[in-house]
Structure formats: structure tokens, C-alpha cells
Amino acid sequence: MNAPSIALPPSTAAQTAFAWGNGLIGMAIFSGSLPATKIAVMSFDPMFLTLARAAIAGLVGIGLLVALRPPRPERRDLIPLIIVAFGVVLGFPLLTALALQFVTSAHAMVFIGLLPIATAIFGAIRAGERPRPMFWVFSLIGAAIVGGYAVRDGTDASLVGDGLMLAAIVVCGLGYAEGARLSRHLGGWQVISWALLLSLPATLPAALLTQPGSWSGIGWPALTALGYVSLFSMLIGFVFWYRGLALGGIAAVGQLQLLQPFLGFALAALLLGETVGWSLLAAAGSVVLCVAGARRFAR
């Protein structure tokens, strides 16, 4: 049985709304990733957390591939799938887990404001998208605000933590753009499932080798966080996110990442008791104002 194809709305306006709706759901799911990772690294080693979330999601991905039997990727898709695995399966989770040992999740969340421009740059390089010049103006303004906040904020800032977050944004933007390009002919859930499958021979044995010596001291908050980043952040979120990017444009729908800090701040305050100051909200609010301008000139 072949995997069912996505039934697209008939009109251009409906398809645009469908694409942005999928992107919005994916972004909302991803907004819980950093707070959940912060909770998880309180009990788990960052390396184990990275390997375990990829291994768990990979096993679920195998189940989807076996049950739905989608067409196999072509040989030309192998290198792009490896890039996706490097960027979003291993690179971003590991770098953010390491960064969250030095900074709060609220501080790290501000860097997500850099993801749209990173994704758009790689979309132009890898997918041939050509946004109009004003798109880059609005994107650069948003990126400058994020960078300015990170430099100005002296309470939660860390040179090591900020450097790790910047590296995470670069590899994640590459993985987003490459995955969206593949999703145009493979499908969203298929891309992340194949990428997880490619990683599984390495992630599963390594996760077993690096697991905690004793699980008796691991509380339910850490286990729940591990479950969230494994199933939602590593798999389910990408089903919606890649579909939105593929249908609505990598640069355009990618701007939704500028909204992610708002949801992330709320979750950090609710789950972790982290303080969300006015300077943080002002920085995020200013960045979000760039969404409308960038979206207008994305195509």
C-alpha cells in the first residue's frame, strides 16, 4: 500500500492558508522544545538526550514507513537526507542541549529569531528561492535586534552558550531548507522518517551505551520532557513544518519562527519559573514586527 498523498485545497488562497496553518502548528510544537530540553538536561547528559530522542523518534519513524510503505527516496536524495539528519536530527538538538547548560531557555529562545533568515539564506542557496530585496532588509533588522539583545543582556548571557546557540541556528536553518526542498517530492513525514532511519544505526547503539547508570533517580518531569522532544520535537512537528515550508515557500513560512519566542517565553515561565523581563519581551516584540514586512516581500 502506498502512502496517501496530501489533498491540497483547490484555490491558491486556500493552499496558502493550508501551508501557513501547517507551519503554525509545527512552530507551536517546536516552541516547547527548548523548555522541555532544559528540564531534560537537569537529569540527563546532553549527549544521551540527543541520541535518545533521535533513536526513539527513529523507531517510530520505521513503524510509519513499514505501515504506510511510501516510495523509497532516489539515489540523488541520499546526500540531502544526510544533510537533514546532520542539521535537525543531531546538530540542533545536541548544540541546544549543550547551550542550555550555560543559559536559560528564555535567553536561548531569543536566538530562534535568527532562524528565519538562516532558513531563507539556505533556501536561496539550496532551493533556488529568490525573495525580493526588501525581504532581506526586514530579516536583517530582525536578526540585528536579536543579536543586539544577546550582547546587551548581561544577566543570562554566556559567550559559550550564545556561541552554541548561534551554531545551532546555522545547522537548523540548513536542515529546514534541505528538508523542505525534499518534501516537495517525498512528503513531509517521509523526509524526517527517512532521515531518522539513516541516523538510527548510529543513534540507537550510542544511546544505549550512554544511558544513565541508574534510572531510579530520574523523575517524571525529565521522562516527560524526553518523551516530548522525542515524539513531538523530533517527529510530529516536522510533519507539519516541512509540509508548510514545501507548500508555502521556505522563506515565507519560515518567518513564523519569529513568533516562536512568545510561546517559548510563556512555557519557560510556566514550567521552569524563569523570569521574563520587559527587555526580553521588547526584543521579541520588535523582532515579530518584522514578520509582516518580510512575509510581504518573500516572493
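**Entry 1: aromatic pairs**

I count two rings of Phe, Tyr or Trp as a pair if their centres lie within 6.5 Å. By this rule I get 11 aromatic pairs in what is a predicted model. For each pair I note two things, as a pair of rings is described by the distance of the centres and the angle of the planes.

I looked up phenylalanine 48 and tryptophan 215. They make an edge-to-face pair, with 5.8 Å from centre to centre and 75 degrees between the planes. Phenylalanine 48 lies in helix 3, while tryptophan 215 sits in the loop between helix 9 (188–210) and helix 10 (220–248), so this pair ties together parts that are 167 residues apart in sequence. Is phenylalanine 48 buried or exposed? Its relative accessibility is 4%, so I put it down as buried. Tryptophan 215 comes out at 35%, which means partly exposed.

My next pair was tyrosine 228 and phenylalanine 232. This one is stacked: the centres are 5.1 Å apart and the planes 15 degrees. Both residues lie in helix 10, four residues apart, or about one turn of the helix. Tyrosine 228 is partly exposed at 25% relative accessibility, and phenylalanine 232 is also listed as partly exposed, with 35%.

I also found a cluster. Ring pairs link Phe30, Tyr176, Phe238, Trp241 and Tyr242.

**Entry 2: a nonpolar patch**

Phenylalanine 232 turned up again here. Along with Ile56, Val60, Leu231 and Ile236, Phe232 forms a nonpolar patch on the surface, and together these residues have about 330 Å² of accessible area. Helix 3 and helix 10 are the elements that give two or more residues to the patch. Which helix gives the most? I have helix 10 down for that, with three residues.

I checked isoleucine 236 by itself. It lies in helix 10 and has a relative accessible area of 31%, so I call it partly exposed.

**Entry 3: salt bridges**

I count three salt bridges. In one of them the side chains of glutamate 74 and arginine 76 meet, at 2.7 Å from N to O. Glutamate 74 is partly exposed at 44% relative accessibility, whereas arginine 76 is exposed at 54%.

Then I went to glutamate 178. It forms a salt bridge with arginine 126, and the closest N and O atoms are 2.7 Å apart. That pair links distant parts of the chain: glutamate 178 is in helix 8 (residues 159–186) and arginine 126 in helix 6 (residues 115–126), 52 residues apart. Glutamate 178 also forms a salt bridge with arginine 181, where the closest N and O atoms are 2.6 Å apart. Glutamate 178 and arginine 181 both lie in helix 8, three residues apart, about one turn of the helix.

How exposed are the members? Glutamate 178 has 0% relative accessibility, so it counts as buried. Arginine 126 is partly exposed at 35%, and arginine 181 is partly exposed at 24%.

**Entry 4: helix 2**

How many of the eight residues of helix 2 are buried? I find eight of the eight, so helix 2 (residues 33–40) is largely enclosed by the rest of the structure. Among these buried residues are Leu34, Pro35, Lys38 and Ile39. I noted what covers them: the cover includes helix 1, helix 3, helix 4, helix 5 (105–110), helix 10 and helix 12 (260–272).

**Entry 5: two single residues**

I looked at glycine 21, which has its place in helix 1 (residues 12–30). At 28% relative accessibility, I log it as partly exposed. Its C-alpha atom is separated by 23 Å from that of proline 35, which is 14 residues away along the chain.

Most residues other than glycine have a negative phi. Arginine 69, though not a glycine, has a positive phi of about 50 degrees. It is found in the loop between helix 3 (46–68) and helix 4 (78–99), and its relative accessible area of 54% makes it exposed.

**Entry 6: confidence**

Last, I looked up the confidence. The mean pLDDT of the chain is 86, and 91% of its residues reach 70 or more. Which element has the lowest mean pLDDT? I noted helix 13 (residues 278–296), with 74, while helix 3 has the highest, 96. A reminder to myself: where pLDDT is low, the predicted coordinates should not be read in detail.

Conventions:
Residues are numbered from 1 along each chain as its sequence is written. This is a predicted model: local features need pLDDT of at least 70, side-chain atom pairs count only at pLDDT 80 or more; totals for chains, interfaces and linings use all residues. Side-chain values use heavy atoms; hydrogens and water are left out. Buried means under 20% relative accessible area, exposed over 50%, partly exposed in between (1.4 Å probe, protein chains only). Rings of Phe, Tyr and Trp (its six-membered ring) pair if their centres lie within 6.5 Å; planes under 30 degrees apart count as stacked, over 60 as edge-to-face and the rest as tilted. Patches are made of residues with over 30% relative accessible area and no salt bridge: like charges are joined within 9 Å, nonpolar side chains (Val, Leu, Ile, Met, Phe, Trp, Tyr) within 5 Å. Accessible areas come from the Shrake-Rupley method with a 1.4 Å probe; for residues, only the protein chains shown count as cover. A salt bridge is a side-chain nitrogen of Lys or Arg within 4 Å of a carboxyl oxygen of Asp or Glu. Contact means heavy atoms within 4.5 Å. pLDDT is the predictor's confidence in each residue, from 0 to 100.
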